[in-house]
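Here are my notes for a colleague who is new to reading protein models. Please keep the sequence and the 3D view open while going through the numbered points.

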Amino acid sequence: MPPAENRTAPRLPSPSLPNPGGPHGGTDEGADARPPLAGSPELLRAAFRRHPAGVAVITARGSRLAGFTATSLTSVSAEPPLVSFGVGTASSSWPVIAEAEHVGVHLLGEDQRELAGTFARSGADRFAPPTRWREGPEGVPLLESVPVWLVCRVVARVPAGDHRVVVAEVVAGDPAGPGRPLVHHDGRYNALRD
């Protein structure tokens with residue numbers, strides 16, 4: 001497989017630096033000496049493959065059940081308690097999320113790689129066995145045996161390129177389920193190491 005820089009956008013010209021040898025003289029042949037890549041979807045993907053992220057599943061109920069795996073979940077505010085996540089407008093879940101008043105947010109455990117894969121796979125019947133779920137507050141589908149679940153009221157859907165950033169207020173939840181967190185890094189699901 002070719003190096004990442006050969007698969008991405010061309011590099012930008014190197015800026016003129018007053019002291020190219022660094023503060024101690026000499027030449028730095030390490031990563032910082034390479035010229036930057038131009039901004040592109042490939043650069044963004046390559047960068048975020050290097051960034052470990054927690055794994056969540058977002059669920060909602062509309063004319064049908066919908067759910068997807070997300071690594072974009074973020075705590076936004078404590079007062080009021082707000083979270084955000086991104087969802088692609090081309091995804092099969094978007095039509096339901098676009099209309100939902102409430103969503104379920106589930107933080108997955110290290111033993112739930114298969115569940116993460118099910119909700120990430122296109123065309124999968126995500127709520128069929130072996131997925132275990134129940135109806136929760138506000139009619140939101142809640143996955144069972146996850147370390148954390150939250151029910152959130154959608155307060156905004158912000159356009160962001162080919163995605164929407166959904167901002168939602170936490171209205172109920174349980175942060176005391178079993179297991180250690182599942183982490184996504186370099187295209188794979190991993191256990192958190194000490």
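**Notes on the model**

1. Two strands are said to pair if DSSP finds at least two bridges between them. Strands here are DSSP runs of E with at least two residues, helices are runs of H or I with at least four, and both are numbered from the N terminus.

2. Before going further, please note that this is a predicted model, in which local features need pLDDT of at least 70 and side-chain atom pairs count only at pLDDT 80 or more, while totals for chains, interfaces and linings use all residues. Residues are numbered from 1 along each chain as its sequence is written, and side-chain values use heavy atoms, with hydrogens and water left out.

3. As for the overall make-up, the chain has four helices and twelve strands, and buried residues account for 34% of its 194 residues. Buried means under 20% relative accessible area, exposed means over 50%, and partly exposed lies in between, with a 1.4 Å probe and protein chains only. Of the contacts between residues at least 6 apart in sequence, 63% join residues at least 24 apart, where contact means heavy atoms within 4.5 Å.

4. Which order do the strands of the open sheet follow? The sheet has seven strands in the order 3-2-6-9-10-5-4, and their pairing is antiparallel. Strand 3 (65-70) and strand 4 (74-77) stand at the edges with a single partner strand each, so one side of each is left without a neighbour in the sheet. Neighbouring strands of this sheet are turned by 35° against each other on average, direction ignored.

5. Strand 2 (56-61) deserves a careful look, since five of its six residues are buried, so that the strand is largely enclosed by the rest of the structure. Strand 2 pairs with strand 3 in the antiparallel sense over six bridges, and the two form a hairpin with three residues between them; within this pairing, Arg-61 stands opposite Leu-65 in strand 3. Strand 2 also pairs in the antiparallel sense with strand 6 (residues 102-107), over four bridges, and here Val-57 stands opposite His-106 in strand 6. Helix 4 (residues 113-120) lies across strand 2 and strand 3, running at about 115° to strand 3; axes are lines fitted to C-alpha atoms, for helices over the stretch in contact, and angles run from 0 to 180 degrees between N-to-C directions.

6. At Gly-88, which lies in strand 5, the relative accessibility is 15%, so this residue counts as buried. Gly-88 and Arg-164 are 76 residues apart in sequence and yet 6.4 Å apart in space, C-alpha to C-alpha. Not counting residues up to four places away in sequence, Gly-88 touches Trp-94, Asp-162 and His-163.

7. How many aromatic pairs does a search of the whole structure find? The search finds three, a pair being rings of Phe, Tyr and Trp (its six-membered ring) with centres within 6.5 Å; planes under 30 degrees apart count as stacked, over 60 as edge-to-face and the rest as tilted. Phe-68 and Phe-85 form a tilted pair, 6.0 Å centre to centre with 55° between the planes, and this pair links strand 3 with strand 5 across 17 residues. Phe-119 and Phe-127 form an edge-to-face pair, 5.3 Å centre to centre with 90° between the planes. Phe-119, Phe-127 and Trp-133 form one aromatic cluster.

8. Finally, the count of salt bridges comes to four, each being a side-chain nitrogen of Lys or Arg within 4 Å of a carboxyl oxygen of Asp or Glu. One of them joins Arg-180 to Glu-110, with the closest N and O atoms 3.9 Å apart, and this pair links the loop between strand 10 and strand 11 (182-185) with the loop between strand 6 and helix 4, 70 residues apart. Another joins the side chains of Arg-153 and Glu-169 (2.7 Å, N to O), with Arg-153 in strand 9 and Glu-169 in strand 10, 16 residues apart. Arg-153 counts as partly exposed, at 35% relative accessibility.
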